[in-house]
Amino acid sequence: MFNAMNKPISSWRGLRVWLIGASSGIGAALAQQLLALGAIVTLSARREPALRQLAAAHGQEQAHVLAFDAIEPAAWPQAYQSVCQNMGEPDLVLFCAADYCPERVWEVSAARAGQTLDINLLSAYRAIETILPAMLARGHGGIGLIASVAGYMGLPNASVYGPSKAALINLAEILYSDLHPKGLSVYLINPGFVQTSLTAKNDFTMPALQTPEQAAAAIMRGMAAGDFEIHFPRRFTQTMKLIQLLPYRWRFALFERYLKLS
Ligand SMILES: NC(=O)c1ccc[n+]([C@@H]2O[C@H](COP(=O)([O-])OP(=O)(O)OC[C@H]3O[C@@H](n4cnc5c(N)ncnc54)[C@H](OP(=O)(O)O)[C@@H]3O)[C@@H](O)[C@H]2O)c1
């Protein structure tokens, strides 16, 4: 009952990791920590120069760069083939890519919502479709989805981002039910606020704000321990979990009182 939900990771040395969304923020910090601990990492995102800069400090055998646009369905099979050629079949795939546009519901356009859902959600399905057959055949491997506490409940301003992250949380739960019995690990990663280019768009004071390095360290700790949900910082995420449990009328009253929305 209280065993780790995934296989704990005792050493990162030689573990082959494909990190999608590695060019900045949490993904870049994760890449640095994985590489420092001896993992073999393929760094993916669209901005190749940023990926090359990250890889430069490490040997060609350890850090591979594979730039591609994750919303291009045709790019995935090709990308996966390159990953396997360069470092072998990945042991762990971390899906970190996302876009965020703070907007109230009356500012949402369906076209723009589609773009956000395409990278935040549909591309996670593309990743799963691409990597699962080989992982299932091997009966070994792990998948991590970076969702967000913004997926715990409907929060003003996260009009499209929030639903995309709620869907990722739901998807990670389904992945765990389906894949854990087949020997695969599944990680649901729910960060609170982290100081990155994504949250630089927020015009409010972000509570319990962390650095990308702190976020990456929490993710590494959670995966090493074999956790399923990795959420941090706890003082913030636990409060959000409690608010999520409140009856709707209390939750909405709290939002009206404290979020100072106009
Ligand atoms: N910052 C926070 O407070 C926070 C909180 C909760 C969850 N998160 C989640 O953490 C993850 C990392 O976000 P971050 O805060 O570190 O933001 P970030 O610095 O903007 O990182 C986003 C990453 O996604 C990549 N990406 C975006 N569109 C892509 C595409 N079409 N194809 C391939 N890669 C793409 C970006 O690279 P390119 O632009 O080079 O393609 C970048 O590497 C996201 O899933 C985010 O939702 C962040």
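Reader: Let's start with the ligand; how many residues surround it, and which are the closest?
Author: In this predicted model, the ligand is surrounded by 27 residues, and the closest of them are G25, R46, R47, A98 and T196.

Reader: And which element gives the largest share of that shell?
Author: That is helix 1, which spans residues 25–36 and contributes three residues to the shell around the ligand.

Reader: How do the shell residues divide into nonpolar, polar and charged?
Author: The shell around the ligand holds 14 nonpolar residues, together with nine polar and four charged ones.

Reader: Staying with helix 1, at what angle does it cross helix 6, and how far apart are the axes?
Author: The two axes cross at roughly 60° and come within 8 Å of each other. Helix 1 and helix 6 are therefore oblique to each other, and their crossing is right-handed.

Reader: Which residues meet there?
Author: On the helix 1 side they are G25, I26, A28, A29, L30 and Q33, and these meet P212, E213, A215, A216, A217, I219 and M220 of helix 6. By class, the contact of helix 1 with helix 6 consists of 10 nonpolar residues, two polar and one charged.

Reader: What about helix 4 with helix 5, are they roughly parallel or roughly antiparallel?
Author: Their axes cross at roughly 5° and come within 9 Å, and that makes helix 4 roughly parallel to helix 5, since the angle is under 35 degrees. Helix 4 puts T116, L117, N120, L121 and A124 into the contact, while helix 5 brings Y161, S164, A167, L168 and L171.

Reader: Now the backbone; which peptide bond is cis?
Author: The bond from F232 to P233 is cis, and its omega is near -15°. P233 sits in the loop that runs between strand 7 (229–232) and helix 7 (234–245).

Reader: I'd also like to check phi at N157; what is its value, and where does the residue lie?
Author: Phi of N157 is near 85°, which is positive although the residue is not glycine, and N157 belongs to the loop between strand 5 (142–146) and helix 5 (161–179).

Reader: Is N157 buried or exposed?
Author: N157 counts as buried, because it has 20 C-beta neighbours inside 10 Å and the cut-off for a buried residue is 20 or more.

Reader: And what about A208, what is its phi?
Author: A208, another residue other than glycine, has a positive phi near 55°. It lies in the loop between strand 6 (185–191) and helix 6 (212–225), and because it has 15 C-beta neighbours inside 10 Å, A208 counts as partly exposed.

Conventions:
Residues are numbered from 1 along each chain as its sequence is written. This is a predicted model: local features need pLDDT of at least 70, side-chain atom pairs count only at pLDDT 80 or more; totals for chains, interfaces and linings use all residues. A residue is near a molecule or strand if its C-beta atom, placed from the backbone, lies within 6 Å of it. Helices (H or I, at least four residues) and strands (E, at least two) are DSSP runs, numbered from the N terminus. Ala, Val, Leu, Ile, Met, Phe, Trp, Tyr, Cys and Pro count as nonpolar, Asp, Glu, Lys and Arg as charged, and the others, Gly among them, as polar. A residue is buried if 20 or more other C-beta atoms lie within 10 Å of its own, exposed if 12 or fewer, and partly exposed in between; C-beta atoms are placed from the backbone. Axes are lines fitted to C-alpha atoms, for helices over the stretch in contact, and angles run from 0 to 180 degrees between N-to-C directions. Angles under 35 degrees count as roughly parallel, over 145 as roughly antiparallel, 65 to 115 as roughly perpendicular and the rest as oblique. A crossing is left-handed if the near helix is turned anticlockwise from the far one by less than a right angle, and right-handed if clockwise. Two residues are in contact if their C-beta atoms, placed from the backbone, lie within 7 Å.
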